Amino acid sequence: MSPSVSVQPQASTAKPLLAALQGNVAERPPFWLMRQAGRYLPEYRDLRQSVSGFLELCYTPDLAVEVTLQPIRRFKPDAAILFADILLIPDALGQDVAFKEGEGPVLNPIRTVEAVRRLEDKGLHGHLAPVYETVKRLAQELPDDVALIGFAGAPWTVATYMVEGGSSKDFSTVKRWAFSDPDGFGELIDRLVSATVAYLDRQIQAGAEVIQLFDTWAGALPEIAYRRWCLEPIAAIAKAIRDKHPSVPVIAFPRGSGMLYQTFATSGAVQGLSLDSSVPLDWAASSLQPHCAVQGNLDPQLLVAGGEAMRAEIARILDILGHGPFVFNLGHGIVPYTPVENVLELADQIRSWRRT
Ligand code: CP3
């Protein structure tokens, strides 16, 4: 292998996460937690204080590697997820992204086709090079049985931030554009599909073994728009990845999809579907799991509450979904006020569960 070709660890079924996403059912399911690195960990808060901003963490490989590994040391989950953010793509395309304390992300909004055409992608890989370096180092440092997950935001969710200029309650501006000028809005989505494919391809070359696509705001879309702006762009990205890297599974997290999760599962677009906490477990077992591996879906607030309520729901999820291809996770990301000891307890409970 020439030195310019980066090492991609062979997808190995020795890694429980990869085995589950290939459709295998193990004695106990693998687990990891969305947002497992972050503010609920005191060691993250310490490190975060030492830098000027969140983006500096994402773009400094030494720090991003350290933050990624923090939850691995504490809880020994079956996967590490690259520490980065879904808004690095708009940042790399030249839209000014800032994370303001207490305000969340702030972007100068893009609301016209002309503005989409002014986005710069020539510098994409140069800008994102520190992320690829982080992935490369993680691939070298992780224990043999821990899979490395690369990720990106799905085009619809990234577009909501790009068009609204930050977080939104009703998505009124982005929806107005998507509904009234689908061809123009489609140019933005197409740009995001190609930038995301290029970005994920590099993450995989650097050592990412699984890809997760976060479509946090999928549930804001009605049926026809859902197919066009959530399912189709994700399917296009997953297909491009599959064509280049057939051994790398893709997990989609189209949060809030409701019954449309089934459309997603039967489309065959992805190998894993990450379920939000509202998805009924029996329905997931009978209608989704026959088509692809499922991941989820403990309510993050049960991880905050802890105690018997948490233990009972973890047991119920394992008992209903643990007999098919399954990855234990939350239904959305860990919240900052989560007690660390509850996460430890969750990890112990999953590790000691056995399929009978
Ligand atoms: O451990 C991990 O999961 C890896 C890192 C990761 C982050 N963001 C770090 C982060 C991942 C996978 C994300 C994804 C992400 N980012 C999503 C999709 C998943 C979801 O939670 O719905 C979204 C919508 C974003 C956009 C984003 N990033 C927002 C809206 C915010 C501000 C609100 C918040 O939670 O703070 C962020 C900031 C962010 N991303 C933080 C972290 C650890 C907090 C920043 C800080 O420490 O100051």
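The model is predicted, with local features needing pLDDT of at least 70 and side-chain atom pairs counting only at pLDDT 80 or more, while totals for chains, interfaces and linings use all residues. Residues are numbered from 1 along each chain as its sequence is written, and side-chain values use heavy atoms, leaving out hydrogens and water.

The protein contains 16 helices and nine strands (DSSP runs, numbered from the N terminus: H or I of at least four residues for helices, E of at least two for strands). Its radius of gyration is 19 Å, close to the 21 Å from the globule rule for 356 residues, so the protein is as compact as a globular protein of that length. Here the radius is taken over C-alpha atoms, and the rule is 2.2 Å times the number of residues to the power 0.38. Of the 356 residues, 58% count as buried, meaning under 20% relative accessible area with a 1.4 Å probe, protein chains only.

Turning to the rings, the structure holds eleven aromatic pairs. Rings of Phe, Tyr and Trp (its six-membered ring) pair if their centres lie within 6.5 Å; planes under 30 degrees apart are stacked, over 60 edge-to-face and the rest tilted. Trp156 and Phe185 have ring centres 6.1 Å apart and planes at 75°, so this pair is edge-to-face. It links distant parts of the chain, with Trp156 in helix α8 and Phe185 in helix α10, 29 residues apart. Phe326 and Phe328 also form an edge-to-face pair, 6.2 Å centre to centre with 75° between the planes, and both are buried.

Technical notes. Buried < 20%, exposed > 50% of the residue type's maximum accessible area, 1.4 Å probe, protein only.
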